[in-house]
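Morning, everyone. Let me put the next model on the screen and walk you through it.

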Amino acid sequence: MHLQFLYIIMEYNFQEIEANWRKFWAENKTFAAKDHSDLPKYYVLDMFPYPSGAGLHVGHPLGYIASDIFARYKRAQGFNVLHPMGYDSFGLPAEQYAIQTGQHPRITTEQNVARYRDQLDKIGFSFDWDREVRTSSPDYYKWTQWIFKQLFNSYYDVTQDKAVSISALIAEFEAKGNANVNATTDYEGTFTAAEWNAYSEKEKEARLQEYRLAFLADSWVNWCPALGTVLANDEIVNGKSERGNHTVEQKLMRQWSMRIKAYAERLLTGLEGIDWTDSLKDIQRNWIGKSIGASVTFTVDGGVSGADPRVIEVFTTRPDTIFGVSFMVLAPEHPFVDEITTDEYKTEVENYKASASLKSERDRQADVKNISGQFTGAYAIHPFSGEKVQIWIGDYVLASYGTGAVMAVPCGDQRDWDFAKHFGIEIINIFEDVDIAEAAYTEKEGKIANSDFLSGLTVKKAMKRAIHEIETRGFGKGKTNYRLRDAVFSRQRYWGEPFPVYFKDDLPYLVEDDQLAITLPDVDKYLPTEEGEPPLARATDEAWGDQLQGDRMDYNTMPGWAGSSWYFLRYMDPHNENEFVSKEKVEYWNNVDLYIGGSEHATGHLLYSRFWTKFLYDMGYIPFDEPFKKLINQGMILGRSSFVYRTEDTNQFVTNSKKKEFKTTPIHVDISLVENDILDIEAFKNSREEYANAEFILEDDGTYICGHEVEKMSKSKYNVQTPDELVEKFGADTLRMYEMFLGPLEQSKPWDTQGINGVHNFLRKVWKLVHDRNGNIIVTEGEPTKDALKTLHKTIKKVGDDLDRFSFNTGVSNFMICVNELTDQKCNNKSIIEQLVVLLSSYAPHICEELWVKLGHEAGTVGTQPFPTFNADHLIEANHKYPVSFNGKMRFMLELPTTLSKDEIEKEVLAHETAQKWLDGNDPKKVIVVPGKIVNVVI
RNA sequence: GCCCGGGUGGCGGAAUUGGUAGACGCGCUGGAUUCAAAAUCCAGUGUCUUCGGACGUGCGGGUUCGAUUCCCGCCCCGGGUACCA
């Protein structure tokens, strides 16, 4: 017994080895990144986690392991690597917990961070922990507030195509009014310098708010009564809140917003220069939703009694089809509807509006197939033909997109076609030689007909000509529309960044820089006030202390994406008290070379951080305008749930193969009670009181076999695998390699612990290359064999190539092949094993550090060894084994010298007896010889 | 509907430029070792087979001496998005 225990220790005592090296790395700050270095820099970043109470499961570290291997690889290649980690520590779960328990979210967050840190440390990451950031720390959010101030103090100058200080705009207003101003704004009117200078302070500020990049506006927001807060569009899934699945309604509120629309075009074109997957770029492109076309005005016939004639503006992507317009449709909510409706149609229109408003956005979408609408009795004048066209209202036109009105071209748009057919409206065909009897013609090809000056032109030319005519005749202008909306930036929550804003006479004023950070005041409860004010309104004057200014502080807090939009910059200079990042450091580290994280952030974090980066670039604070050069989305690791089958209304469980004989309900069973699908019946009985007296119908061999299913890992499915227990059982090196071995990084794949033994055995084999059974070092000095050199260099090449293309799974395979071959060769040669250890150290750092020392080197230096150099000479072979095919089917192998010419190879092959057999006396029609590859004989 | 991915043994997956399909690992089968079990080691493992071979990468076609790989048409799965004018 005692001997056996010793024997195991001698073999590969990963627990002791890993604990020692973790301590060594921490004490020696082995992975500290140097801010000043002659080496080229490389920045490897993970999306920092929100520290939730549930801790990490095996899916979380997948990306961290990949990025860590890559960071270590880059160090070996001679780069000065920045590889930091931190916490996105503001967020709703800690606040919800505070509401339930009264515990301050700061305490909850600190506890969770400690737990995360402990879990992360166990996996042996090479993070530079001295650079840790937490978005909820005042040292950090001081600068989030500072960036907000910069946004508040800026507007977007369209002519210069960049953000500019608002003081330049004020100077222009004072000197010349807004006549020459070309800025992104919601303001459409004009004023002179004299008018501006006569404005009251309140009026001036109201006007400026319409230009600022961070601004206050009454906006329709997604209000979630259950959470007592506003949600961003991407925090809503299918009309319900992403967190908690609560109902969301529309509400008009005074909110902070970010004028991200100003950056729509640059966010789009910037995608071209960065190495992200096509699918992710597509998601962002769709989200920004650029459409090119024209805005065209139609005048309402006869006007409105006692007022100027109403002019309806529409947006169209097909100005070339303008002669196909046979009616117009307004959204039921369009402001002109009541004015233009004739007395004759008043009742019908009112009824239609009422029924449309009852339908929620969701109902409308679900009801796409049903065509509905109502004629208003009014007509508009076609700008070119002068014909009268009917004006309808219909709920297929959305008030929130474009101008809330469309010019309907039934021959060229399927929805318009359906609408016209349904209501028997005329369909004008303006396409040459196209039949539109059955459906609209939506292709952008062919020629336009029946269209005055556009007739005979191709669609492409007609578009240009149409826009030209529209502009010269004053009916409108070429225009580009974006689906992207400005982002609401305030939340009625407690656990977020307070705004550096106070109000005086209801006007917002910024807190001075030297008074930042405005820290969170304590409150008695983490809920909205009785009057529906945010939780910060509960803070007493004492709680605010000397931070209190003006009539009151801003009671909102910033959304989750505020802190995460710039955190990658703070890692470069985490302790700087005077700047968010120093110029010198941001110029050295520059943007992120490799960013790894989930694709669920495609339209949130990844868009907002690009926006802020472009803004900070415009203001001259940073030298780049894209934050993440290369992005990899790691796939999800799915859980493998186990099921037992209970027969209905009993306490009797049926084994998997017999469950069909009964009426059963599948019940999730904790995966820790199951091994290789076999249920530990005693443990199951003990797991819950209700199972104590359970009865079982077993397999014929007396076991209970569980069913299984692959699904998302979650507590409620009892399929969560934590990394901790695996590190305990197999070691961090095994876990790291196994997670990589599961499959391609980007792919979703099921978690299955069965295979982990294979990887663990691999590491034991590595250990055995250096040790005998008693733990003695057995490496030999001297020249390595040719075979060993070939094995090593083949591996150097493959592992290096695999790393360069982020194929971590095949890298692990290649290590296994290498070690299998060296074991077969009985190779214990020191020079070979040393290089293997250096190569392997990025994947399995603990064991490699240990072996490196045992091979006689200084502790902690394996990571700084240069990546082994590949030498192709070792792979040169005298012979090549040719697969010989007949008509493309492989028939036999033939080993031939690599020096042979094509003709000589052909001769040798045809002379071979097996070839003669397949030829069966016939002459080959053709023989294809690819030297060094294959031979194919065609008969 | 539209836009992206993907479909290969019992399972996870490999095949990087059109050149031996199934590397590597798991699982399974048989054997060695053991009082026994675990662990370890060895051999086998795509399907069918009359043991010659035939078939085989979602389905149907095509290009090619040769196709998992390229082209055309379809089916299924995953993700994104949607009366976006």
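First, a convention: helices (H or I, at least four residues) and strands (E, at least two) are DSSP runs, numbered from the N terminus. This is a predicted model, where local features need pLDDT of at least 70, side-chain atom pairs count only at pLDDT 80 or more, and totals for chains, interfaces and linings use all residues. Residues are numbered from 1 along each chain as its sequence is written, chains are lettered from A and ligands numbered from 1 in the order in which they are written, and side-chain values use heavy atoms, with hydrogens and water left out.

Start with the RNA. Which elements supply the surface near RNA strand B? At least two residues each come from α11 (278-288), β11, α25 (756-770), α27 (808-824), β32 (889-897), β33 and β34 (934-938). The largest share is from α27, with six residues. "Near" means that a heavy atom of the residue lies within 4 Å of the strand.

There are 50 residues around RNA strand B, and Thr317, Tyr401, Arg415, Leu742 and Gln747 come nearest. Of the RNA atoms within 4 Å of the protein, 61% belong to sugar and phosphate.

Now the polar contacts, meaning pairs of N or O atoms within 3.5 Å. Tyr401 puts a backbone N or O atom 2.6 Å from a base nitrogen of RNA strand B. Asn761 uses its side chain: an N or O atom there is 3.2 Å from a phosphate oxygen. Arg805 has a polar side-chain atom 3.4 Å from a phosphate oxygen.

Next, backbone geometry. Asp161 sits in the loop between β3 (154-157) and β4 (162-165). Asp433 is in the loop between α15 (414-423) and α16 (459-472).

Buried or exposed? The cut-offs are under 20% relative accessible area for buried, over 50% for exposed, and partly exposed in between (1.4 Å probe, protein chains only). Asp433 is exposed, at 76%. Asp161 is partly exposed, at 41%.

There is a cis peptide bond too, from Leu516 to Ala517, with omega near 0°. Ala517 lies in the loop between β19 (507-510) and α17 (541-544).

Last, Ser326. Its place is the loop between β11 (311-316) and β12 (327-330). Ser326 counts as buried because its relative accessible area is 9%. Beyond its neighbours within four places in sequence, its contacts (heavy atoms within 4.5 Å) include Val389, Ala408, Pro410 and Ile425.

Definitions and conventions. A polar contact is a pair of N or O atoms within 3.5 Å; within protein, one must be able to donate a hydrogen and the other to accept it, and residues adjacent in sequence count only if both atoms are side-chain atoms.
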